[in-house]
Amino acid sequence: MTLGVKLELSPTVRGALWMMGSTASWASMAAITRHFTGEIHVFEIVFFRSIFGMIFILPWLFEVGLGGLRTQRIGMHMARGFIGLGVIYILFTAITLSPMGEVAAIISTRPVIASLAAVIILHEVASGRRWTATLLGFTGALLIVRPGFSEVSTGTILALISVIFMAALTIIIKSLARTEAPDTIVVWQMVVFAPCSLIPALFVCQTPDLWQFTLLASTGLFGTLTQRCLTRSYAAAEATAVLPFVFTRLI
């Protein structure tokens, strides 16, 4: 006789775990970007992140076929792709100009803006506990940021700009997650990223050595994991419930 225990996680817990997986993948990608400061141009890093992101999502696309791209919301996918690409350029540049901890702390203020937008635009309900968790994380982010600020640098300004666009992306992804499969959202992002990131990269491209190539390829892996976890998080639970877990990026 065997005893089996089936563990059922609530939607909020699943969403929180996916969000933490997304932040861990993002931190890995950001660390590699920081490592390449002064060696490889941001345009080239973004291109490799985009092209290998597409490669790592191909197995899923081969499995489901072109039907996985079927959508009635092509305009929303295009907006998500172009805004997302702009965010990557801005954010990667900020990472090369400022300490990664400060950049992470700045963009970790996004849950406050995104939570407000989710309540106003998506009509989500935010409980007192959710707001408490969000504000506590926001306070922790400020404690990290303020001691290190002797002046407002270009990297700081870029990170702040990226926060606004990332909050907009949160609303777009959450809206798409209501009708689209998580991986469909990621694939359409790559459809925009791969060709559009090639153009600026052509002007700065240099041949990486084997170790650089490996690290650049890994940005595609971590980037894809970031987005797949993120879309699953928003598909599992309300944005106001999972956004406080963005602060785990600070670790």
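Helices here are DSSP runs of H or I with at least four residues, strands are runs of E with at least two, and both are numbered from the N terminus. This is a predicted model, where local features need pLDDT of at least 70, side-chain atom pairs count only at pLDDT 80 or more, and totals for chains, interfaces and linings use all residues. Residues are numbered from 1 along each chain as its sequence is written, and side-chain values use heavy atoms, with hydrogens and water left out.

**Stop 1: a loop residue**

Select Ser98. Ser98 sits in the loop between helix H3 (74-97) and helix H4 (100-107). Is Ser98 buried or exposed? Its relative accessibility is 3%, so Ser98 counts as buried. The scale is this: buried means under 20% relative accessible area, exposed means over 50%, and partly exposed lies in between (1.4 Å probe, protein chains only).

Now show the contacts, meaning heavy atoms within 4.5 Å. Leaving out residues up to four places away in sequence, Ser98 touches Arg34, Val103, Ser153, Gly155 and Thr156.

**Stop 2: H4 against H7**

Select H4 and H7 together. Two packed helices are described by the angle between their axes and the distance between the axes. The axes of H4 and H7 come within 9 Å and cross at roughly 35°. Axes are lines fitted to C-alpha atoms, for helices over the stretch in contact, and angles run from 0 to 180 degrees between N-to-C directions.

Which residues meet here? From H4 come Val103, Ile106 and Ile107. From H7 come Thr156, Ala159, Leu160, Ser162, Val163 and Met166.

**Stop 3: a surface patch**

Select Ile161, in helix H7 (residues 154-177). Ile161 is partly exposed, at 34% relative accessible area.

**Stop 4: a glycine in H1**

Select Gly15, in helix H1 (residues 11-35). Gly15 is buried, with 0% relative accessible area. Beyond residues up to four places away in sequence, Gly15 touches Ser233, Ala236 and Val242.

**Stop 5: Thr184 in H8**

Select Thr184, in helix H8 (residues 182-201). Thr184 is buried, at 6% relative accessible area. Its contacts, again without residues up to four places away in sequence, are Trp60, Gly68, Arg70 and His77. Thr184 and Arg70 are 114 residues apart in sequence, yet 8.0 Å apart C-alpha to C-alpha.

**Stop 6: the salt bridges**

Side chains of opposite charge can pair when their charged atoms come close. A salt bridge is a side-chain nitrogen of Lys or Arg within 4 Å of a carboxyl oxygen of Asp or Glu. How many are there by this rule? The count is two.

Select Asp183 and Arg228. Their closest N and O atoms are 2.8 Å apart. The pair links distant parts of the chain, with Asp183 in helix H8 and Arg228 in helix H9 (residues 210-236), 45 residues apart.

Arg232 bridges to Asp183 with closest N and O atoms 3.0 Å apart. Salt bridges with shared partners join Asp183, Arg228 and Arg232 into one network. Asp183 counts as buried at 5% relative accessibility, whereas Arg228 is partly exposed at 23%.
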